[in-house]
Amino acid sequence: MRPYIFITRKLPENVIVKFKEHFEINMWEKEDIPVPREILLEEAKKADALLTMLSDLIDEEVITAGPSLKVIANLAVGYDNIDTHAATKHGIAICNTPDVLTDTTADLTFALLMATARRLIEAAELVKEGNWKSWSPLLLAGHDIHHKTIGIVGMGKIGETVAKRATGFDMEILYHNRSRKPEVEKTIGAQYVPFEELVERSDFIVCLTPLTEETKNLFTREVFQKMKKSAVFINASRGPVVDEAALYDALVEKEIAAAGLDVFTKEPIAADHPLLKLTNVVALPHIGSSSVETRTTMMELCLENIDRVLTGRNPKTLVNKEWKLQLSH
Ligand code: DGY
């Protein structure tokens, strides 16, 4: 019997076809609706491998649903939706998709920064809705980006690549990270500063930190109050890193100027969410890595990782490094 792979969302046939020779592959039939929990659990009971989305909650119940599960490949660099400790405990490899999405996600992050600073969405809507009455001196005047200070919170590979983009705009680059990055300091000229100093000095505060127990609710009302009144806050990491009620209050009280958000505490965000009512909020539907090229490469990487584990090899991009140790014993 061929090993059984369950994919929790419909992926293009041309991506999966070459794996069908060696594996039995089943997919949740919908492209834009998450797999219902009961179907995920049913499938996990039978599966040797799961290819999951960041929107799927992969907890111990899923991980221990069946006896044959060996690998879970998540179509994202972030894996906060997966209980990696439970996976390690039960000898299951967890894989993600780092590196292949770095440039694409950095592009989107910088695009969001620019759209928010220069009010591109408001401006485009004004034209399309027929409300452009005349050229006027301060029509939709935004904030300059060039020669300003960008503060990057979370200097992983995406952070470094955003910093590289910022050099093209002659920006001063500050960063805060768990560990210092001497290489980035040398090559890009980024300056390491404590978190408080970063929020106080930056014109653009860009959040790219992974969601962990330490970063949950990192951006509180107190933090927003430390920012410049002209500050633009960008979040392209995970929603729960931000206290959304505090962000809303900071925007309404004009403690900061604007926010560009690709991620939210609850996704999809409800259409009547107060943040969406604010004109100085640019909101995107978590599309950081969403280019056709990159998403295709991410899908291929997930399948390759699954293939490797199911054929007794180490995956390319393993998250739970302890799993490797178990392999070698
Ligand atoms: C990821 O892959 O974790 C990011 O959210 C990019 O969209």
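This is a predicted model: local features need pLDDT of at least 70, side-chain atom pairs count only at pLDDT 80 or more; totals for chains, interfaces and linings use all residues.
A polar contact is taken here as a pair of N or O atoms within 3.5 Å. Arg238 takes part through its side chain instead, with a polar atom placed 2.7 Å from an oxygen atom of the ligand. On its own the ligand would expose 230 Å², and 96% of that area is buried by the protein.

The wider shell is worth a look as well. Around the ligand stand Ala76, Val77, Gly78 and Leu101, together with Arg238, His286, Gly288 and Ser289. Sorted by class, this shell comprises three nonpolar residues, four polar residues and one charged residue.

The protein chain is divided into two domains: domain 1 is made up of residues 4-100 and 292-328, while domain 2 covers residues 102-283. Between the centres of domain 1 and domain 2, taken over C-alpha atoms, the separation is 31 Å. Eight residues from domain 1 and six residues from domain 2 form the contact.

About 570 Å² is buried between domain 1 and domain 2, and carbon and sulfur atoms account for 39% of it. Two salt bridges are found across this interface. On the side of domain 1 that touches domain 2, the residues divide into four nonpolar, two polar and two charged. Polar contacts also span the boundary, with four residue pairs found between domain 1 and domain 2, both partners at pLDDT 80 or more. A salt bridge also joins the side chains of Lys157 and Asp99, with an N to O distance of 2.7 Å.

Conventions:
Residues are numbered from 1 along each chain as its sequence is written. Side-chain values use heavy atoms; hydrogens and water are left out. Domain bounds come from an automatic or database domain assignment. Contact means heavy atoms within 4.5 Å. Buried area is the accessible area (1.4 Å probe) that two parts lose on being put together, summed over both. A salt bridge is a side-chain nitrogen of Lys or Arg within 4 Å of a carboxyl oxygen of Asp or Glu. A polar contact is a pair of N or O atoms within 3.5 Å; within protein, one must be able to donate a hydrogen and the other to accept it, and residues adjacent in sequence count only if both atoms are side-chain atoms. Ala, Val, Leu, Ile, Met, Phe, Trp, Tyr, Cys and Pro count as nonpolar, Asp, Glu, Lys and Arg as charged, and the others, Gly among them, as polar. A residue is near a molecule or strand if one of its heavy atoms lies within 4 Å of it. Accessible areas come from the Shrake-Rupley method with a 1.4 Å probe; for residues, only the protein chains shown count as cover.
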